[in-house]
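Take a walk through this structure with the text below as a guide.

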Amino acid sequence: MGRYNATRAIHALREGPSADDIIPPINISVIYKFIEVTTPPIEEIKYGRENNPTVMRLEEALSAAESANWCLAFNTGMSAISTLLLHMLPRAKRIVASRLLYGSTRTLLEKMTGLNDKVELVYAGPPWDELLSTIRAGDMVFIETVGNPTLRIPPIDEMVELCRQVDCTVIVDNTFATPVLYRPLEAGADIVVESMTKYIAGHNDVLGGLLCSNIDTLKESIWDWRKLTGTIIQPLDAYLVARGLKTLHIRVKRSSETAMEIAKWLAERPEVVKVHYPGLPNHPDHNTATRMFNGLYGGVVSFEIKGGASAAKKFLNALKIIVPSPSLGGTESIATYPYESSHRNLSEEEKYRLEITPGLIRLSIGLEDVEDLIADIENALKASQA
């Protein structure tokens with residue numbers, strides 16, 4: 001896989017409508033004058049629920065970043081997935097999904113497949129051999145490049161090759177990896193979704209989602225569903241996401257390097273039972289991550305504290321710099337408690353299977369000095385055992 005082309009991602013923002021501007025303007029008009037055109041309706045700009053010049057510029061840049069023929073931008077990552085499912089479910093007979101999908105994605109899949117009893121939803125993997133052996137001809141396969149919250153990494157190249165043989169559709173949520181670490185479409189995946197709220201926007205101040213593909217025949221249906229459901233990203237939000245995209249490569253590199261230092265430090269701490277980080281040699285998918293990624297392993301570290309739920313909550317309450325909060329991928333470091341937040345709806349048996357324990361903490365590493373973060377974590381770890 002080639003390197004991430006930051007130059008292309010930055011300068012693609014100058015393409016599209018009013019391309020003479022160096023810094024893209026924020027076009028807030030909802031309506032546009034009718035003109036005689038010969039291009040398909042999907043390319044016209046006439047009403048803000050359909051298209052917008054600021055949004056279309058962002059989509060050009062996202063296409064460059066994701067190595068995609070096209071991208072569509074949505075007001076959240078969940079609306080991007082919802083819109084995709086509205087297109088896919090009437091055509092699907094069976095969905096095979098990783099058990100480690102984001103909790104809200106799992107809930108959405110269950111609710112939407114529940115509306116059509118002809119669609120079977122099957123969870124499989126990790127272990128990844130189980131997922132590979134579950135795939136059948138015609139399946140829709142939904143995975144994450146880096147699974148939340150224990151950071152398991154499926155062998156996407158093997159899945160793509162298998163699905164190519166049996167005519168499956170491979171959908172990859174690439175939110176944790178970002179196109180800086182990995183670009184699933186280059187590996188042959190069919191569709192990529194991401195929450196742009198996280199690393200791409202990168203400042204915890206805007207919501208957004210994307211859906212990208214190299215399947216040109218898919219674009220019009222997804223665009224039409226976005227128009228009908230009103231899930232297009234708004235102009236100001238698109239502008240903020242585009243601004244964040246310009247520094248994505250720098251931020252991901254910094255947070256990944258800091259995360260590696262913190263993961264190694266945590267692995268030596270007596271208060272810590274286990275560290276989940278694909279950059280560590282003892283991570284079950286370390287070799288896969290090393291093969292797939294570009295020497296970086298991402299900015300998220302999860303670890304289990306001795307003492308279970310009580311210790312985990314003491315740890316969160318003792319933090320001074322790192323903020324106990326949902327989300328990830330911003331400039332501020334954030335700590336979350338998956339057991340009672342993102343994966344609270346899972347059964348106890350499923351949590352146990354996925355190693356989502358009462359003592360598990362997920363850290364999203366921001367851009368602070370690593371020495372300050374380690375000092376904050378050390379103080380909180382000591383407090384957790386008091």
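Start with a definition: on a 1 Å grid over the protein atoms alone, a cavity is a set of points where a 1.4 Å probe fits but cannot get out. A pocket is an open set with protein on both sides within 12 Å along at least five of seven lines. Lining residues have an atom within 4 Å of a point. Grid points are joined across faces, edges and corners, and a volume is the space filled by probe spheres set on the points. The model is predicted: local features need pLDDT of at least 70, side-chain atom pairs count only at pLDDT 80 or more, and totals for chains, interfaces and linings use all residues. Residues are numbered from 1 along each chain as its sequence is written, and side-chain values use heavy atoms, with hydrogens and water left out.

Now the cavities. Three of them reach 30 Å³ or more. Sorting residues by class needs a rule: Ala, Val, Leu, Ile, Met, Phe, Trp, Tyr, Cys and Pro count as nonpolar, Asp, Glu, Lys and Arg as charged, and the others, Gly among them, as polar.

Next, the largest pocket. It holds about 800 Å³ of space. Its lining has 42 residues, and the closest to its centre are Tyr102, Ser104, Lys198, Ser327 and Ser342. Helix α4 gives the largest share, six residues. By class, the pocket lining has 14 nonpolar, 19 polar and nine charged residues.

Buried means under 20% relative accessible area, exposed over 50%, and partly exposed in between (1.4 Å probe, protein chains only). A nonpolar core is a set of buried Ala, Val, Leu, Ile, Met, Phe, Trp, Tyr and Cys residues joined through side-chain atoms within 4.5 Å. The largest core has 94 residues, and those with the most contacts inside it are Tyr277, Phe303, Phe315 and Ile361. Helix α10 (residues 248–266) gives the most to this core, with seven residues. A second, separate core has 27 residues, among them Leu109, Val119, Met140 and Leu218.

Contact means heavy atoms within 4.5 Å. Beyond its neighbours within four places in sequence, Ile361 is in contact with residues including Phe303, Phe315, Ala335 and Tyr337. Helix α10 also holds Ser256. At 2% relative accessibility, Ser256 is buried. Leaving out residues up to four places away in sequence, Ser256 touches Leu181, Tyr277, Leu296, Tyr297, Gly298 and Gly299.

On to the strands. Two strands pair if DSSP finds at least two bridges between them. Five strands form an open sheet in the order β8-β9-β12-β11-β10, with mixed pairing. Its edge strands are β8 (272–276) and β10 (323–324), each pairing on one side only. β10 and β11 are parallel and share two bridges. There, Pro324 has Ala335 in β11 as its bridge partner.

Strand β2 (residues 94–97) is covered on both faces: Arg94 and Val96 on one side and Ile95 and Ala97 on the other are all buried. β2 pairs in the parallel sense with strand β3 (residues 120–123) over four bridges. Within β3, Leu121 is the bridge partner of Ile95.

Two more residues end the tour. Leu131 sits in helix α5 (residues 128–134). Is Leu131 buried or exposed? Leu131 is buried, with a relative accessible area of 0%. Its contacts, leaving aside neighbours within four places in sequence, include Val96, Ala124 and Met159. Asn116 lies in the loop between α4 and β3. Asn116 is partly exposed, with a relative accessible area of 26%. Asn116 and Pro90 are 26 residues apart in sequence, and their C-alpha atoms are 8.4 Å apart in space.
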